[in-house]
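Welcome, and thank you for opening the viewer. Keep your selection tool ready, and we will walk through this structure one stop at a time.

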Amino acid sequence: MAGTIYVDGVWKKFARGENFDSLRDLIPGLAKRLLSRPVSQELRKKEFWALQDVSFSVKPGEALAIIGPNGSGKSTMLKLLSRILKPNKGSISVTGRLGALIELGAGFHPDLTGRENIYLNGTILGMKRAEIDRKFDEIVDFSGLSAFLDMPVKRYSSGMYARLGFSVAVHVDPDVLLVDEVLSVGDYHFQEQCFRKMQQFCRQGTTLVFVSHNLTAVSTLCTAALVLKSGTPVFRGDISGAIQKYHSFYEADLKSRHLEIVDSRLMVNGGSDANVIEPGARVVFEVEVKALAEIRDAHPGVQVHTPDGQCLFATAASRLTKDRLNLLPGQSATLVFSFDMNLQGGVFLLGFTVSPEIETPGEWLYYNPRLKRLVLTEDRRCAGVLHLNPSLDIVSQPGVIDPRSCQEVSL
Amino acid sequence: MDNIQNATSTQAEKRGLFRELYQYRDLLLMVTWRDIKIRYKQSLMGFLWALLMPVLVVGAGVIAMIAFSRVSGHGFDKAAIFSVAVRSVSWAFFAAGVRFGTNSLIMNKELVTKIYFPREILPLASVLASFVDFAVAIAVLVIVLSIVKIGVTIHLLWVPVLILLLTSITMGVSILLSCANLFFRDVKYLVEILLTYGIFFTPVLYSAKSLGKMGTLMLVNPIGPILEGLSSVVIQHQAPDLKWLANSAAWAILGFALFWKIFEKAESSFAERI
């Protein structure tokens, strides 16, 4: 069925330097390469595995995110899917028409005009001439560059370049769309336009593979995620789990010599530890800490962040109570925060910090901006991340028959 | 159903030599068009260059021939000048196609590393773009030759065959060299040297027959019999030497197939080795 991706036991290695050191090695080396297709699994010197034993599949219409630190093999995976690279071992099968936004405008020639480049890039991406003729106006409209069509693209700004590239690429109408961190170009409104276009693709049943460091975008757009670390898949599952896994790579940075967390719980209505929460619920967040050194008059605090680390809410003892945290080494305490979870529809991170007696920005006794992850269910009454518990009354004025006023109310 | 079947493509699937090329024919034409277009963009004379170049090439050939005849003391006739014109225009196509084709993959590094399509498109489009210049030169030659009333015979039917063989050899050589140049950048310098010296081992400025033993060497060179053949059917009104032409045909067919095979074998590592 069109739009299915199967990746089975894929290994890919790269060379750190050039493979042939001298002309003497070259002739026998080249002869061997040409005569046989060596599927050697051993690494020769200067080689390393960029991907190791990666297997996953994507169903038609599914939106999969690939996340991981820099150099974890995400872009290599996309290049393998788009057939630019070939795996050393394993097999990849992609059915249906493939569209790849690996680099916007990669096929542009700087000396050609915008109009000429639409045709050139369109055919490079796999469209037929007649198809481009048909979609030409649509492509131009989407890019918003109709005034600059007859200008060589070398005179375009980088934003205009990206706009035109994206516009051509999305009009390929693929069954499978591969997107590699391309939303970061262009102005705010164009980014939004691109984002909406990608959502539209998802609704139409296009299979999407999305590589991005923008975790908020990932969690909005994708339903599942694959987490790569140094070329190895470490997680395949739901977005919130993937985001937690991703952040867990940096757990070592969060070690503190002042105190450690023994346990933490998030409870709704006195129930047990939960991470799926209904919008607007009153939650109790309990953190049990143990002092490693003496702690005097410290301020424990709590924060709520988006997956990207944008702070939505923060509070601390200094703002809430006259009580302070005082502990001797080895002593424990439980901190009980409670607040209304007026958020909805997405993944959020719950942070916990302890600041010293004299609060200074950036100085912490303990700092973990993502101690727990939460999934807020969606309230069908609203969109966005805030849950403001909305309601609406439409009050008709009896006896008034001016149609304009009716219109105003219904707006 | 048929539609899906068409669009289906997996990496495991064996590619048909010409089928994929047919599927990407729009792309081949578009890249050829781009190569022609950018060659004359932002230039004063624009497409006039395509007319001027063959005139200059033929001029150089004629000057060389006049010099030869002065030194040797023999005269030269009108036919000899037109023979040099036919040969040098054809050689210029081969040289330009190979030179341009050799650089085609590395000139399009962006495309090779960022987008998937059959990479053969790039050297083939380079040769096709050079062919357009060749076609312009042929048109000029046809006009000149008809003005001087060189005459029309049945042997002219050989011309398309000979041009097809020449194009096929040029494409085969370009495919191989573009791939070699991707792995080792010194190939393009070697190509320049070979093309510069190649003119002395190809019957461009003189006919192979006039050189005796040395002339045989020029016919071993697969371009040689084609240039000889073109001159003989257009100017001398004689059929080409079939024995030596078989040598060229072997290169045009078997050489092409072999070089394409090598290219396809190497293709999968282009993106990481460029």
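Does Lys149(B) count as buried or exposed? Select Lys149(B) and look around: with 7 C-beta neighbours inside 10 Å, this lysine counts as exposed. Please keep in mind throughout that you are looking at a predicted model. Lys149(B) lies in the loop between helix 7 and helix 8 (158-183) of chain B.

**Next stop: chain A as a whole**

Now select chain A. You will find 10 helices and 18 strands there. Chain A has 411 residues, of which 37% count as buried. If you consider its contacts with a separation of 6 or more, 73% of them join residues 24 or more positions apart.

The domain assignment gives domain 1 (5-247) and domain 2 (255-376). Taken over C-alpha atoms, the centres of domain 1 and domain 2 of chain A are separated by 39 Å. Where they meet, nine residues of domain 1 of chain A are in contact with eight residues of domain 2 of chain A. On the domain 1 side, helix 7 (215-221) and helix 8 (239-248) of chain A each supply at least two residues. Helix 8 of chain A gives the largest share of that side, five residues. By residue class, the domain 1 side divides into three nonpolar, six polar and no charged.

**A hairpin to zoom in on**

Strand 8 (residues 224-229) and strand 9 (residues 232-238) of chain A pair here in the antiparallel sense, over six bridges. Click on Leu226(A), and you will see Arg236(A) of strand 9 standing opposite. This hairpin has two residues between the strands, and Ser230(A) takes a positive phi near 45° in it.

For another positive phi, jump to Asp53(A), where the value is about 50° although the residue is not a glycine. Asp53(A) has its place in strand 2 (residues 47-58) of chain A. With 14 other C-beta atoms within 10 Å, Asp53(A) is partly exposed.

**Into the nonpolar core**

Which residues have the most contacts inside the largest nonpolar core? Select Leu64(A), Leu178(A), Phe210(A), Val218(A) and Ala225(A), which are the ones to look for in this core of 168 residues. Helix 5 (residues 78-107) of chain B gives the largest share of the core, 15 residues. Domain 1 (5-247) and domain 2 (255-376) of chain A both give residues to the core, so it lies between them.

Stay with Leu178(A) for a moment and show its surroundings. Leaving aside neighbours within four places in sequence, the contacts of Leu178(A) are Leu78(A), Leu81(A), Ser82(A), Ala100(A), Leu101(A), Ile102(A) and Val209(A).

**A buried loop residue**

Where is Leu343(A) placed in chain A? Select it, and you will find Leu343(A) in the loop between strand 16 (332-340) and strand 17 (346-355) of chain A. Leu343(A) counts as buried because it has 22 C-beta neighbours inside 10 Å. Not counting residues up to four places away in sequence, Leu343(A) touches Pro279(A), Phe348(A), Leu376(A), Val385(A), Leu386(A) and His387(A). Draw a distance from Leu343(A) to Leu376(A): they are 33 residues apart in sequence, and 6.8 Å apart in space, C-alpha to C-alpha.

**Where the chains meet**

Show both chains now. The contact takes 26 residues from chain B and 31 residues from chain A. On the chain B side, the elements that give two or more residues are helix 1 (2-7), helix 3 (25-39), helix 6 (109-114), helix 12 (242-267) and helix 13 (270-273). The largest share of this side, six residues, comes from helix 3 of chain B. The chain B side as a whole divides into 12 nonpolar, six polar and eight charged residues.

**Last stop: helix 3 of chain B**

Select helix 3 of chain B on its own. At 1.5 Å a residue, its 15 residues should span 21 Å, and the end C-alpha atoms are 21 Å apart, which agrees. Highlight Leu27(B), Leu28(B), Met30(B), Val31(B), Thr32(B), Arg34(B) and Asp35(B), which are buried in this helix.

Methods: Residues are numbered from 1 along each chain as its sequence is written. Chains are lettered from A and ligands numbered from 1 in the order in which they are written. This is a predicted model: local features need pLDDT of at least 70, side-chain atom pairs count only at pLDDT 80 or more; totals for chains, interfaces and linings use all residues. Two strands pair if DSSP finds at least two bridges between them. Helices (H or I, at least four residues) and strands (E, at least two) are DSSP runs, numbered from the N terminus. Two residues are in contact if their C-beta atoms, placed from the backbone, lie within 7 Å. Ala, Val, Leu, Ile, Met, Phe, Trp, Tyr, Cys and Pro count as nonpolar, Asp, Glu, Lys and Arg as charged, and the others, Gly among them, as polar. A nonpolar core is a set of buried Ala, Val, Leu, Ile, Met, Phe, Trp, Tyr and Cys residues joined through C-beta atoms within 7 Å. A residue is buried if 20 or more other C-beta atoms lie within 10 Å of its own, exposed if 12 or fewer, and partly exposed in between; C-beta atoms are placed from the backbone. Domain bounds come from an automatic or database domain assignment. The expected span of a helix is 1.5 Å times one less than its number of residues.
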